Amino acid sequence: MKPVNECKMTLLSRSANEGFARVAVASFIAQLDPTIEEISDIKTAVSEAVTNCIVHAYRETVGKIYITVSIYDQRKIRIVIRDTGCGIADVRQAMEPLFTTAGGERAGLGFAVMESFMDKLQVRSKLGKGTTVILQKQLSLRAGGHA
């Protein structure tokens with residue numbers, strides 16, 4: 001399926017860029033006139049995915065985070081957030097609530113949060129190569145909203 005519109009960006013894995021990623025994705029999706037709840041859900045999921053790149057993928061270094069936001073017919077949204085960091089040894093284990101490799105104040109709820117706010121979450125990872133998180137959401141087909 002070919003996107004109706006698409007935005008691609010590359011950010012450095014600095015914590016200051018997490019807020020920008022949230023707002024940039026939300027601003028691009030705003031053309032579909034989503035509900036406040038939908039935009040909030042998307043911003044939260046993007047924030048979690050980007051934070052994972054910053055905290056886990058690159059740990060004590062700075063790397064690149066690649067974000068692609070695609071809009072499809074019928075108000076379908078697909079957001080791909082990719083890094084070329086250390087990768088995840090066991091994706092299934094990493095997706096378990098409360099599991100974290102960072103310790104400290106980290107709750108280990110990032111993937112659970114993403115899953116709860118989006119319709120579909122896919123995570124692919126290879127050790128030493130990086131991780132790709134794919135978030136998908138179907139926006140409501142409400143009156144007045146754009147197709």
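The structure is a predicted model, in which local features need pLDDT of at least 70 and side-chain atom pairs count only at pLDDT 80 or more, while totals for chains, interfaces and linings use all residues. Residues are numbered from 1 along each chain as its sequence is written, and side-chain values use heavy atoms, with hydrogens and water left out.

**Overall make-up**

The chain contains four helices and five strands; these are DSSP runs numbered from the N terminus, helices being H or I of at least four residues and strands E of at least two. Along the sequence they follow the pattern β-α-α-β-β-α-α-β-β. Of the 147 residues, 43% are buried, where buried means under 20% relative accessible area, exposed over 50%, and partly exposed in between (1.4 Å probe, protein chains only).

**The sheet**

The five strands form an open sheet in the order β1-β2-β3-β5-β4, with antiparallel pairing; two strands pair if DSSP finds at least two bridges between them. Because β1 (5-12) and β4 (120-126) stand at the edges with a single partner strand each, one side of each has no neighbour in the sheet. From one strand to the next, the twist averages 10°. Seven bridges join β4 to β5 (residues 130-138) in the antiparallel sense. Within β5, Thr 132 stands opposite Arg 124.

**Helices on the sheet**

Angles run from 0 to 180 degrees between N-to-C directions, and axes are lines fitted to C-alpha atoms, for helices over the stretch in contact. Contact means heavy atoms within 4.5 Å.

| Helix | Strands | Angle |
|---|---|---|
| α1 (residues 16-29) | touches β1, β2 (64-72) and β3 (76-83) | about 175° with β1 |
| α2 (residues 36-57) | lies across β2, β3 and β5 | about 10° to β3 |

The buried residues of α1 are Glu 18, Ala 21, Ala 24, Val 25, Ala 26, Phe 28 and Ile 29. These buried residues pack against β1, α2, β2 and β3.

**A loop residue**

Lys 129 is found in the loop between β4 and β5. Its relative accessible area is 61%, so Lys 129 is exposed. Leaving aside residues up to four places away in sequence, Lys 129 touches Asp 83, Thr 84 and Gly 85. Lys 129 and Cys 86 are 43 residues apart in sequence, yet their C-alpha atoms are 6.2 Å apart in space.
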